Amino acid sequence: MTENLVIVESPAKARTIGRFLGKDYDVQASVGHVRDLAKAAGKVVNGVDLNEAGTEFIPNYEITRGKNKVVTALKKAAKNAENVYLATDPDREGEAISWHLLEAASIDPNKVKRVVFHEITKTAIEEAFANPRSLDLDLVDAYQARRVLDRVVGFKLSPVLWRKVKRDLSAGRVQSVAVRIIVDKEDEINSFEKDEYWTLDAILETENSSSFKASLVSINGDDKKPLIKNEKESKSILKELLNSEFQVSNFETKETKRRPSAPFITSTLQQEASRRLRLSATRTMNIAQGLYEGKAIGGTDDVVGLITYMRTDSTEVSSAALTEIASFIKDKYGSNYLPEKPRIYSKKVQGAQEAHEAIRPTSILRTPDSLRDFLDNDELRLYTLIWKRMLSSQMVDSIYDRTIIDIDTTSSDSNNIYGFRATGNVLKFDGFRIVYSNNNSDEENSDEEKEKDLPVLSSGQNISCKNLQDEQKFTQPPPRFTEASLINHLEKEGIGRPSTYASILSTIQARDYVWAVRGKLHPTKLGKATTLFLAEHFDDVLDPGFTAGMEKKLDDIAEGRVKWNPMLLEFYGPFDKKIENVIKESERVKNKLLVEDTGRICTTCEDKPMVIRMGRNGRFVSCSGFPDCKHSENLTLSTLGVQGVVCPLCKGELQEKLRKATKTRPARRFYGCVNFPECDFAINTIPISNKLCPDCESGPLLPVGDTNARCYDSKECGFRSSLKDLGVSQDQLVNPIKL
């Protein structure tokens, strides 16, 4: 008889924990969830019943396909064990997996002990097994409430979309809100009207020929920055300033400090990995999962967990880790980089789960350089990001000397007083920046972190003006969301949970509601039409405030303040009635909202226009007269608006293709040669129209963001340049979304 059975989710985790616990413990893996809501039976929706009185939801669970053997083996092992330790992940999902294991394998509750650890290290494992607890049924109830709610919303709304919009669509409590946010942003961008304005700068020079630039910030002492609306106004001011004298009215230098950012939580890790490493949220979480479960390092087969648990919304750090980090900082960088006491960061997101830690290395002594030979490129990049962020969070502030120079000049023509200002930052002590730059913009360095040295001047000092420069500008529409900024927005609004963001972003792109084009999220025609329909008929479900309120109620369930059935019943009654009314009374979305006209007439019937449609295997071109005319074609680059680009290997046309989604990666479009399989040329990014690489002259140029370009053959050629230097206009950057 086995004395101790330990059940975890993954085989990799089982091997590592088994090595730490020794021969007295039998560690087995459930390989994820073993049960889920049934896919067939259910009066409300598949897997969900209501009792006869209509006062209680009853979830119907079934063994997940392919898991019968696993459950049978675990049931047998549990029967023969004296103690059963449920060591699944330390979050609501992990608590639910433990509960499902208890139910599915008919494990005697008297044998069961729940152990929770946030890093897979010997110390953490031993401490967890020395302090087991019972299963937290409030967390299980919160999981059930979320699962039932999402099943009800998705399974009720999706068939409505099939009838009224298009077959095979899906809706979701959070995913549909995320799409709406992107659609609303696109509407805001499209309705934005640019306003012209002009800026005016003076290039000033001191007696020792030190020059600097100052910008016009006031007229006649008005604190509000002057608005120069057009060229006429700008030239009028320039004329007044031509013979004016410039004098320093104020010179001020003061010391400013910048604090480091908190160590990562799930959402901030996804944001920074997207912004700095260009990793999708899904890819980030998959890599982090591997780092958490462990890697073989040191040239042996011993697997070591490299980071703490990656699904967390807490910035807490254990005292042992803080002690180790402080010692590392002092030894490597010196005591002047170490604060007097450890930094403690407040947790801003509501609903933080029990005793979680921030995402950090399990040991700060395991530097990125020491792991270089044991991790692949993306693993090393993500580990380095986590390591630097954690280390910098426990270092002292960076210190700047911030200089402000105010310069006044009075026009001899009008007596108007024009105020100019120059500001500069000079890094005085790098502090945490010796490890990690802290800017929050999408640029490499924010303005605050760019060094800008200014001359030392005194009030009343006269300085000469070398030149006056004016420049026409236009107000810009709000930027589209990136994965990083959308995650940030969802978190701030309380929509969804950090652990769900990766799957949300993956789903809305896999369903063709949203595309990522050069890192920016664009809604498709399908996304717009679906959102318009849902917003018209289910405005509450699509309301971000309503969704955030539901998240708060789910948190209340997890904390034992609210019972889950009454909360769901309150939502379900009005929602179900609305579903019935919409099916009966709403009109079907017009087909013209779902297809894109190509501007060509069908070559078969010579009558109807050709349109771009969405099929199971991606997009294609067909006659709008279908089914009377069944002519169809592959979707080529020229149809999408890219001209003058062909396959560099065989000169064949390039067409759009679809790589289908898997469990670990979302669906992705790519552009391959029409002569496949004889020619296997393919690129992942839509190329720049009418432009070949100027170095190798053999193939297309691919955009990198909205400002740069590179040769498609990055290994052999490696050409890279800015679009401005290449003379490429924004019109040549084709947006492939035409659906």
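**Close-up views of a predicted model**

**View 1. Lys-553 and its contacts.** Apart from neighbours within four places in sequence, Lys-553 touches Met-567 and Glu-570, where a contact means heavy atoms within 4.5 Å. Lys-553 sits in helix α15; helices here are DSSP runs of H or I with at least four residues, strands are runs of E with at least two, and both are numbered from the N terminus. With a relative accessible area of 33%, Lys-553 is partly exposed; buried means under 20%, exposed means over 50%, and partly exposed lies in between (1.4 Å probe, protein chains only). Look also at Leu-568: its C-alpha atom is 9.8 Å from that of Lys-553, and the two residues are 15 apart along the chain.

This is a predicted model, so local features need pLDDT of at least 70 and side-chain atom pairs count only at pLDDT 80 or more, while totals for chains, interfaces and linings use all residues. Residues are numbered from 1 along each chain as its sequence is written, and side-chain values use heavy atoms, with hydrogens and water left out.

**View 2. Helix α15 meets helix α16.** The axes of α15 (residues 544–558) and α16 (residues 564–585) come within 10 Å and cross at roughly 160 degrees; axes are lines fitted to C-alpha atoms, for helices over the stretch in contact, and angles run from 0 to 180 degrees between N-to-C directions. That crossing makes α15 roughly antiparallel to α16, a label for angles over 145 degrees. On the α15 side the contact uses Phe-546, Met-550, Lys-553, Leu-554 and Ile-557, and α16 brings in Trp-564, Met-567, Glu-570 and Phe-571.

**View 3. Arg-146 in helix α5.** Arg-146 belongs to helix α5 (residues 137–164). Is Arg-146 buried or exposed? Arg-146 is buried, with a relative accessible area of 17%. Leaving out neighbours within four places in sequence, Arg-146 is in contact with Arg-92, Arg-173, Arg-497, Glu-551 and Leu-554.

View 4. The chain averages a pLDDT of 91, and 95% of the residues score at least 70; pLDDT is the predictor's confidence in each residue, from 0 to 100. Residues 348–354 fall below 50, and beyond near neighbours in sequence this stretch has 19 contacts in the model. Residues 441–447 also stay under 50, with 14 contacts beyond four places in sequence.

Terms used: Parallel < 35°, antiparallel > 145°, perpendicular 65-115°, else oblique.
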